[in-house]
Amino acid sequence: MFTLIPKEPPERAVRLKRQIMAIYSYCLLWAGTFIGVELTAFEPNTPHLTFFAVVFAVNSLFYLLIRSGLSERFGDPSLTILQMAVGILLTTIILHYSRELRGAMLSIYFMVMTFGVFALDRRRMLLMAAFTLLCFTGLLIYEWINAPQQAIFSYLIGHWIILTLGLGWFIYMGGYIHNLQLRVREQRERLREAHDRLSAIAVRDDLTGLYNRRHFLERLEEEMSRANRESSPLHLAIIDLDHFKRVNDTYGHHAGDEVLHRFAQLAAMGLRKSDLLARYGGEEFVVLFPHTSSQACLAALERLRHSFSEQRYAFAGELSSAFSAGLTHYQPGESAEQFIKRADNALYEAKHLGRNRIQQAG
C-alpha cells in the first residue's frame with residue numbers, strides 16, 4: 001500500500017514532511033492570491049491558476065524524487081536550493097501583479113528564506129540572498145522600463161533597502177544557526193563515542209580487550225537456558241596460565257601484561273566466533289563452547305595450547321609459555337555455580353598432574 005510519508009528510512013521521512021509543508025505553504029499562498037484578485041488587490045489579469053499549477057507540478061516532482069530516494073544521489077538530498085529558487089521566482093512573479101501590496105508581499109521572500117535557515121550554511125544562504133535580490137532588482141528594472149509613469153522612485157528604493165536589510169539578517173542568522181547545528185552534531189557524535197566507550201568498558205577487559213567476568217556470567221546464564229530449551233551441547237573450559245607469577249616476579253608486570261595480551265590475541269583468532277571467550281580474573285580465562293562436541297572442544301584447546309607454547313617474547317627469548325585447562329560439559333538442570341565448579345575441579349586436576357595440559361571432567 002502506498003503511504004504518503006513512509007517511516008523508513010527516518011531521514012527520508014523528515015525530508016518528505018518538509019516537502020509536504022512546502023506544498024501546503026504554496027496552497028495557502030495561492031488561496032491568498034486568489035482572494036486578492038477577487039478583492040482587486042492584485043491585477044485582475046493575474047494568471048494565478050497557471051502559476052500555481054506549474055509550481056504544484058514542480059513540487060510534486062520534488063516529492064517523487066525524495067520519495068523514491070533518487071534525491072539522495074545529490075549533495076543536498078532535500079533539494080533545498082532548487083526548491084528555494086522555485087519559491088523565489090514565484091514570489092517575484094506575484095510581486096509584479098501586486099504593486100499596491102508590494103511592501104507586505106515582500107515578506108513572502110523571507111518565508112522562502114526560512115526554509116534554508118536550518119539546511120544551508122552561510123555561504124549558500126548568501127548565494128540565495130543574492131539570487132533573491134537579483135530577481136527583485138530585475139523586476140524593478142523591468143517595471144521601470146515598461147511603465148515608468150507608474151513607478152514611484154522612493155517606493156522602489158525603500159522596498160529594495162527593506163529587502164536587502166531583511167536578507168542580511170537571514171544571512172547572519174542562517175550562518176549562526178548552521179554553526180550551532182554543527183556544534184550540536186559534534187557534541188552528539190562525542191556523546192555517542194563516549195557512550196560506546198562506556199558500553200565497551202562495561203563488558204570488556206581493559207588489558208586484553210576480551211569480555212570481562214560480569215559479562216561472561218550474564219551470557220553463561222543465557223547459553224545454559226538455550227541449552228536446556230534446545231537440548232543442545234554446551235561446554236565450558238577454564239584456562240590458567242602456568243607459572244604466571246614467576247613471569248611477573250622475574251621480568252616485571254609489563255612482561256606479564258604482554259603474555260596476557262598475547263594469549264588473548266591467539267585465543268581470539270583461534271576460536272570460533274560463536275565461542276565466548278572472556279578474562280575471568282588475573283591470569284585465568286574462560287571459554288564457553290555452544291553447539292559443539294567434547295572432541296571439537298579438546299581439539300580447539302590443544303591447538304591453542306600448541307600455538308601459545310611457540311610464542312617468543314622480546315623481553316625474554318628463553319621464556320616458554322604454557323597453560324592448563326579444565327573442560328566440562330553442561331548437565332541439564334544444574335546451576336551456573338555447579339557448572340563452573342566442575343570445570344574448575346578439572347583445571348585443578350590438570351595442575352595436579354603436572355600443568356601444561358587439558359583435563360576433561362568425567
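Helices (H or I, at least four residues) and strands (E, at least two) are DSSP runs, numbered from the N terminus. With that in hand, let us walk through this structure.

The model is predicted, so to speak of a local feature requires pLDDT of at least 70, side-chain atom pairs count only at pLDDT 80 or more, and totals for chains, interfaces and linings use all residues. Residues are numbered from 1 along each chain as its sequence is written, and side-chain values use heavy atoms, with hydrogens and water left out.

**The cores**

A nonpolar core is a set of buried Ala, Val, Leu, Ile, Met, Phe, Trp, Tyr and Cys residues joined through side-chain atoms within 4.5 Å. Buried means under 20% relative accessible area, exposed over 50%, and partly exposed in between (1.4 Å probe, protein chains only). The largest core here has 36 residues, and L90, Y109, M113 and F136 touch the most other members. At least two residues come from each of α1, α2, α3, α5, α6 and α7, with α6 giving the largest share, eight residues. Contact means heavy atoms within 4.5 Å. Leaving aside residues up to four places away in sequence, F136 touches L95, R102, L106, Y109, H159, W160 and L163. A second, separate core has 30 residues, including A264, F285, A300 and Y313.

**The sheet**

Two strands pair if DSSP finds at least two bridges between them. Five strands form an open sheet in the order β2-β3-β1-β4-β5, with mixed pairing. β2 (276-281) and β5 (358-360) are at the edges with a single partner strand each, so one side of each has no neighbour in the sheet. Strands β1 and β4 run antiparallel and are joined by seven bridges; D240 stands opposite S324 in β4.

| Helix | Strands | Angle |
|---|---|---|
| α8 (213-230) | lies across β1, β2 and β3 | about 135° to β2 |
| α11 | touches β1, β3, β4 and β5 | about 170° with β4 |

**A closer look at S293**

Where is S293 placed? S293 sits in the loop between β3 (284-290) and α11 (294-309). Because its relative accessibility is 35%, S293 counts as partly exposed. A polar atom of the S293 side chain lies 3.2 Å from the backbone nitrogen of A296. The C-alpha atoms of S293 and S60 are separated by 62 Å, and the two residues are 233 residues apart along the chain.

Definitions and conventions. Polar contact = N/O pair within 3.5 Å; in protein donor to acceptor, adjacent residues only side chain to side chain. Axes fitted to C-alpha atoms, helices over the stretch in contact; angles between N-to-C directions.
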